[in-house]
Amino acid sequence: MSAAVEGTTGRRNRSKAERLTLEIVGWLLVAVGIAALVLPGPGMLILALGLWVHSLSYKWAEDLLEPVKRNGMRAAAEGVETWPRIAMSTTSALVMIAVGVYWGISPAAPGWWPVDEKWWLMGGWGTAGFIIGSGVIAIGLIGFSMKHFRYGGEDVEEYVDERWPDDD
């Protein structure tokens, strides 16, 4: 790298093009992450990724990223505490994949659909792919959580501190 690194945070002087790219990508990820908190999708994961991109340039994003990581890991650990939670999470992820496939196939609008047929399952395979991808990511996260927190016996705080020691 030709630019000087500032302190231990990893932030450095960047060209205008790099800064603009990081801003656009970071804010796009934050917006999609916030939307995915209420829509089908891995909202916390995308939001954390957006904050990580911003943390490359801004201290405020680095400060916000720490609680998001801890809360995400805590939710991952809690999600595999009991078999009913594991079964419900896995079933939900599989239903999400099935809905995505159904969405992609785009059957005709049913007779009860109250508005114009063009508004039935908008987005086609683009939307379907996002829903299917969200279900696949959810299954991967369930596996990750089972490995580390159910069978690995890891403590959430120790896990986060081990992987991101500079965040304190």
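Colleague: What makes the span of helix α1 agree with its 23 residues?

Modeller: Happy to go through it, and bear in mind that this is a predicted model. Helix α1 covers residues 16-38, and at 1.5 Å a residue it should span 33 Å. Its end C-alpha atoms are 34 Å apart, which agrees. The expected span takes one less than the number of residues.

Colleague: Which residues of α1 are buried, and what do they pack against?

Modeller: Leu-22, Gly-26, Val-30, Gly-33 and Ala-36 are buried in α1. These buried residues pack against α2. An α-helix has 3.6 residues a turn, so residues three or four places apart point the same way.

Colleague: How do you know that α5 has the span its residues should give?

Modeller: By the same reasoning on residues 124-150: the 27 residues of α5 should span 39 Å at 1.5 Å a residue. The end C-alpha atoms of α5 are 38 Å apart, which agrees.

Colleague: And what do the buried residues of α5 pack against?

Modeller: They pack against α3 (59-78), α4 (83-105) and α6 (156-163). The buried residues of α5 include Ala-128, Ile-131, Ile-132, Ile-142 and Phe-149.

Colleague: Why are α3 and α5 called roughly perpendicular?

Modeller: The two helices pack at an angle of about 85°, with their axes 8 Å apart. Angles of 65 to 115 degrees count as roughly perpendicular, and α3 and α5 are therefore roughly perpendicular to each other.

Colleague: Which residues meet where α3 and α5 pack?

Modeller: From α3 come Met-73, Ala-76 and Ala-77, and they meet Phe-144, Ser-145 and Phe-149 of α5. The residues of this contact comprise five nonpolar, one polar and no charged.

Colleague: Why is Leu-45 called partly exposed?

Modeller: Leu-45 has a relative accessible area of 43%. Buried needs under 20% and exposed needs over 50%, with partly exposed in between, so Leu-45 is partly exposed.

Colleague: Where is Leu-45 found, and what does it touch?

Modeller: Leu-45 is in helix α2, residues 43-55. Leaving out residues up to four places away in sequence, Leu-45 touches Ile-137 and Leu-141. Leu-45 and Ile-137 are 92 residues apart along the chain, yet their C-alpha atoms are separated by 9.7 Å.

Colleague: Why does Leu-121 count as buried?

Modeller: Its relative accessibility is 14%, and buried means under 20%, so Leu-121 counts as buried. Leu-121 is found in the loop between α4 and α5. It has a positive phi of about 50° although it is not a glycine.

Colleague: Ser-106 also has a positive phi, near 50°. Is Ser-106 buried or partly exposed?

Modeller: Ser-106 has a relative accessible area of 33%. That falls between 20% and 50%, so Ser-106 is partly exposed. Ser-106 lies in the loop between α4 and α5.

Colleague: To finish, how many helices and strands does the protein chain have, and what percentage of its residues count as buried?

Modeller: There are six helices and zero strands, and from the N terminus the elements run α-α-α-α-α-α. Of the 168 residues, 30% count as buried. The accessible surface comes to about 10,500 Å², and 68% of it belongs to carbon and sulfur atoms. Among contacts between residues at least 6 apart in sequence, 56% join residues at least 24 apart.

Note on methods
Residues numbered from 1 in each chain as written. Predicted model: local features only at pLDDT ≥ 70, side-chain atom pairs only at ≥ 80, totals over all residues. Heavy atoms only, no water. Helix = DSSP H or I, 4+ residues; strand = E, 2+ residues; numbered from the N terminus. Buried < 20%, exposed > 50% of the residue type's maximum accessible area, 1.4 Å probe, protein only. Contact = heavy atoms within 4.5 Å. Axes fitted to C-alpha atoms, helices over the stretch in contact; angles between N-to-C directions. Parallel < 35°, antiparallel > 145°, perpendicular 65-115°, else oblique. Nonpolar A, V, L, I, M, F, W, Y, C, P; charged D, E, K, R; others polar. Areas by Shrake-Rupley, 256 points an atom, 1.4 Å probe, with all protein chains shown as cover.
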